[in-house]
Amino acid sequence: MQKWRATRRLLLNSYSSKSRFDHPRSNPISDHSTTISRSSSGFESWTGRIHYRHFATAMIQRNPAFSTLNSDDINYFKGILGDKNVIEDEDTLLFANTDWMRKYKGSSKLLLQPRTTQEVTEVLKYCNSRRLAVVPQGGNTGLVGGSVPVFDEVIINVGSMKQVISFDKVSGVLVCEAGCILENLVSFLDNQGFIMPLDLGAKGSCQIGGNVSTNAGGLRLVRYGSLHGTVLGIEAVLANGDVLDMLGTLRKDNTGYDLKHLFIGSEGSLGIVTKVSILTPPKLSSVNLAFLACKDYSSCQKLLFEAKRRLGEILSAFEFLDNESLNLALNHLEGVRNPLPPAMHNFYVLIETTGSDESYDKEKLEAFLLRSMEGGLISDGVIAQDINQASSFWRIREGVPEALMKAGAVYKYDLSLPVETMYNLVEEMRTKLGNSAKVIGYGHLGDGNLHLNISTPQYDDVILAQIEPFVYEWTSKQRGSISAEHGLGLMKANKIFYSKSHETVQLMASIKKLMDPNGILNPYKVLPHSIVSYS
């Protein structure tokens, strides 16, 4: 046990005095396996060899009630937005039409870049009157085809709406426009002595409006909860152009229905979020990060239970990955090294603590690690000695999606499951698929979120038939969720019944019909096509 104390020293002051959230830990575009460059239009383009497979229109028919874009429409939009904010350039449209995973590709001929809520209002009012379907888009970092067209929908990108409107240091409430990039908000708040309550691998590209619209989770949920708790208010524009001003900054407001929650996680299907007010926590001075090895999944579970009990208020992240995940990172990510050489262990856990008392936090973490090692829950471990080592640890965990894309084709599933049975699905999938695929399990163990990934040399319908609907049926039997934090988008719209009752989905469809009677907002997404109909 003394060896741990001698060789696994706690963090140096140079790391403890800075939050890890102040520093990019990895490529912010964590699900890209390609080279990114920014074009003159402000959108990103890509180069490199990637695996394509487009599923967009396989089982879907374009709604015949929707109009087709014409030159009069384009001229009208130019009159509202100006020529430079009405994009018809093919290269820019190629990027805007294609999702991060390169699975879904639309055929939109027009990208609009409004700069104000009023411009969004005028665009939507016109589109609704013409029955022109639209797709709200932010950083286009989604993983389920929710932020790209299915057919020829007009793309409305809010990335030009990127102003911080106000920040109250007393309450910690930030009010900003929907197009603010998450990493820019992180930097802004750092200068104020605060942090964002969510942290994502894609923070260098994703936008707060998209985060809210998808109810993005990420690494901090175990500490700060979901956006349903931290978002205090929003402003949203409905399909007919009406503006709903719910941009409250109060933590308590019990006057009637709290309608903002309809827009958190509805993926732009009920309205376009244009402004957000969000509660931000103060930045704390002491941050510790441990990279640990466990002999089996049962030890990971017990370690989580003990961490919640003994680290309590300073626990800020609890992530896990299996040895297949680490192997992928080591083989496909440049500069990544095994933190615990030379052995490979069955499971790995990252535990982060964040507090305000450096000596107290050190003592508490050290006592927890010693107790866990004595109890056999930890096989080996190392604590980051400085910010560079901490970044290298996070690079492994956050780099797994990038490594998967570099390895070949990948089938991704984002599931909420009871912690005690979560990894059983990974093991059953391995038995089911045998040597035809690699099955990888990692994710946010602290909040019961498994990222199940099946890696193959290329996409194969035979393998897909073995995965689906098995994964969804298995999740449903556990009363889990088929979408923990990625949303439903196009990929899972027809799978919603695995997690929600018919009565619940029917009520959702009624709300959609009430708020968007022409169905122009992000059609074919979120709700099953069999239950959504428009006159």
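Reply: What follows starts with the helix pair and then turns to the backbone around it and to a sheet.

The model is predicted, so local features are given only at pLDDT of at least 70 and side-chain atom pairs only at pLDDT 80 or more, while totals for chains, interfaces and linings use all residues. Residues are numbered from 1 along each chain as its sequence is written, and side-chain values use heavy atoms, with hydrogens and water left out.

Helix α12 (323-332) packs against α14 (residues 387-407) at an angle of about 70°, and their axes are 8 Å apart; helices here are DSSP runs of H or I with at least four residues, and strands are runs of E with at least two, numbered from the N terminus. The axes are lines fitted to C-alpha atoms, for helices over the stretch in contact, with angles running from 0 to 180 degrees between N-to-C directions. That angle makes α12 roughly perpendicular to α14, a term that covers 65 to 115 degrees. The crossing of the two helices is left-handed, meaning that the near helix is turned anticlockwise from the far one by less than a right angle. On the α12 side the contact (heavy atoms within 4.5 Å) is made by S325, L326, L328, A329 and H332, which meet I396, V400, A403, L404, K406 and A407 of α14. These residues divide into 8 nonpolar, 2 polar and 1 charged, where Ala, Val, Leu, Ile, Met, Phe, Trp, Tyr, Cys and Pro count as nonpolar, Asp, Glu, Lys and Arg as charged, and the others, Gly among them, as polar.

In the loop between α12 and β14 (347-355) lies P342, and the peptide bond that joins P341 to P342 is cis, with omega near 0°. A cis bond also leads from E468 to P469, with omega near 5°, in the loop between α16 (461-467) and α17 (470-477). Most peptide bonds are trans, and most residues other than glycine have a negative phi. N140, however, has a positive phi near 55°, and with 2% relative accessibility it counts as buried, that is, under 20% relative accessible area with a 1.4 Å probe and protein chains only.

The sheet is open, with 5 strands in the order β7-β8-β11-β9-β10 and antiparallel pairing, where two strands pair if DSSP finds at least two bridges between them. Strand β8 (residues 173-177) pairs with β11 over 5 bridges, and V175 has S277 in β11 as its bridge partner.

Methods
Buried < 20%, exposed > 50% of the residue type's maximum accessible area, 1.4 Å probe, protein only. Parallel < 35°, antiparallel > 145°, perpendicular 65-115°, else oblique.
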